[in-house]
Amino acid sequence: MPMTAPAAAPDSRAAILEAARQEFASRGFDGVRMEHVARRAGFNKALVYKHFGDKDGLFRAVLDAVFAGRRDVLARQPKDLGAALQAWSDATFANPDFGRLIMREALDRPADAPVRGDERRAYYEEQIAAVARAQAKGILPPNLDPTALFIALMSVVTLPALLPQIVGLASGEDAESDAFQARWRGFLADFANALARAGA
């Protein structure tokens, strides 16, 4: 009789991490209990502690995972400014928990002690340097402070996904509808062209 391979054990760490992402996004840091995460993941609480140590370690691991996704977007970012803005907007709509986690962090933790602050500061400095290079090439207006310009651009590409109720109130459209998405992508292309003209 042929032997069958045993079923692969579930990846408990990955399952717990995914459950924690959902819990932190919906409840915030202060509202999450390790038993909530364990129950959602289908494992016992002791296993959550074994993998992540404590709730702070678990939250750090969740933010590490979502920032890894953002680094992937950065690595694939198109060279064309309009396409790059659209790519970041699309990524934010595709992964709304990223924004929710960042907003939860802002609400639940001291502003001067963000999780993985040094690594995230380096991540943003990399993008600010890219903005400065685009200014030097005439792709973006050279007279604007590059750090402030980066913050403004980041706000433009994230706000509709993070605050869809404002989109609804301002436009009367669902932020995730095909109609609004087409309108928004068109705006981002026009916005990029306007910035390029100002930078020329």
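## Ground rules

Residues are numbered from 1 along each chain as its sequence is written, and side-chain values use heavy atoms, with hydrogens and water left out. Because the model is predicted, local features need pLDDT of at least 70 and side-chain atom pairs count only at pLDDT 80 or more, while totals for chains, interfaces and linings use all residues.

## Overall fold

The chain has ten helices and zero strands, where helices (H or I, at least four residues) and strands (E, at least two) are DSSP runs numbered from the N terminus. Taken along the principal axes, the C-alpha atoms fill a box of roughly 70 × 40 × 40 Å.

Of the 200 residues, 38% count as buried; buried means under 20% relative accessible area, exposed over 50% and partly exposed in between, with a 1.4 Å probe and protein chains only. A contact means heavy atoms within 4.5 Å. Among contacts between residues at least 6 apart in sequence, 64% join residues at least 24 apart.

## Aromatic pairs around F59

Let's turn to the rings. The structure holds ten aromatic pairs. Rings of Phe, Tyr and Trp (its six-membered ring) pair if their centres lie within 6.5 Å; planes under 30 degrees apart count as stacked, over 60 as edge-to-face and the rest as tilted. The rings of F24 and F59 have centres 4.9 Å apart and planes at 65 degrees, so this pair is edge-to-face. Since F24 belongs to helix α1 (residues 12-31) and F59 to helix α4 (residues 55-75), the pair ties together parts that are 35 residues apart in sequence. F24 is buried at a relative accessible area of 0%, and F59 is also buried at 0%.

F59 pairs with F29 too, again edge-to-face, at 5.4 Å centre to centre and 75 degrees between the planes. With F29 in helix α1 and F59 in helix α4, this pair ties together parts that are 30 residues apart in sequence. Elsewhere, ring pairs link F67, F98, Y123, Y124 and F150 into a cluster.

## The surroundings of F29

F29 is buried, with a relative accessible area of 14%. Leaving aside residues up to four places away in sequence, F29 touches F24, K55, D56, F59, D108 and R109.

## The largest pocket

On a 1 Å grid over the protein atoms alone, a pocket is an open set of points where a 1.4 Å probe fits, with protein on both sides within 12 Å along at least five of seven lines; lining residues have an atom within 4 Å of a point. The largest pocket has a volume of about 1400 Å³, counted as the space filled by probe spheres set on the points, which are joined across faces, edges and corners. Of its 46 lining residues, W88, Q127, I128, V131 and F150 are the closest to the centre.

Elements giving two or more residues to this lining are α4, α5 (81-94), α6 (96-108), α7 (117-136) and α8 (146-162). The largest share, 13 residues, comes from α7. By class, the lining has 27 nonpolar, eight polar and eleven charged residues; Ala, Val, Leu, Ile, Met, Phe, Trp, Tyr, Cys and Pro count as nonpolar, Asp, Glu, Lys and Arg as charged, and the others, Gly among them, as polar.
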